[in-house]
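Student: I would like to learn how to read a structure that is new to me, going from the whole chain down to a single residue. Could we go through it step by step?

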Amino acid sequence: MTGAMVKLRIDGQQVAVLAGSSVAAAIAHVGGTTRTSCTGMRRAPLCGMGVCFECRATVNGIAQERTCLLPVAEAMEISTHG
């Protein structure tokens, strides 16, 4: 059986992911990372439970959201660059 899909945009790219996935998983699915450190290194989720804050991105205009804690939603807009 195929699960329901949710369409959203990550850094301007429209993607479809399984409903119930986290935003962090959706970002990983497209090969992305979640933020850039102050030294310029690209970062990605580490703990997967909201403790390390490495998964932060802008979601629907709200900066610094912990994407590992957020489920995807239809028409969600995610920016990993700011």
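Student: How much of the contact in the chain, counted at a separation of 6 or more, comes from residues 24 or more positions apart?

Tutor: This is a predicted model, and in it residues 24 or more positions apart account for 38% of the contacts in the chain that have a separation of 6 or more.

Student: Which elements make up the secondary structure of the chain, and in what order do they run from the N terminus?

Tutor: The chain comes to 1 helix and 7 strands, and read from the N terminus on, these elements follow the order β-β-α-β-β-β-β-β.

Student: What does the radius of gyration of the chain say when set beside that of a compact globule?

Tutor: A compact globule with 82 residues would have a radius of gyration near 12 Å, and because the chain has 12 Å, the two agree. Along its principal axes, the C-alpha trace spans about 45 × 25 × 20 Å.

Student: What share of the residues counts as buried, and how much accessible surface does the chain have?

Tutor: Of the 82 residues, 30% count as buried, while the accessible surface comes to about 4,900 Å², with 58% of that belonging to carbon and sulfur atoms.

Student: Turning to one residue, is Ser37 buried or exposed, and where does Ser37 lie?

Tutor: Buried means under 20% relative accessible area, so Ser37, at 17% relative accessibility, counts as buried. Ser37 lies in the loop between strand S3 (35-36) and strand S4 (42-43), and its side chain is joined to that of Thr39 by a polar contact of 2.9 Å.

Methods
Residues numbered from 1 in each chain as written. Predicted model: local features only at pLDDT ≥ 70, side-chain atom pairs only at ≥ 80, totals over all residues. Heavy atoms only, no water. Helix = DSSP H or I, 4+ residues; strand = E, 2+ residues; numbered from the N terminus. Buried < 20%, exposed > 50% of the residue type's maximum accessible area, 1.4 Å probe, protein only. Polar contact = N/O pair within 3.5 Å; in protein donor to acceptor, adjacent residues only side chain to side chain. Rg over C-alpha atoms; globule rule 2.2 N^0.38 Å. Contact = heavy atoms within 4.5 Å. Areas by Shrake-Rupley, 256 points an atom, 1.4 Å probe, with all protein chains shown as cover.
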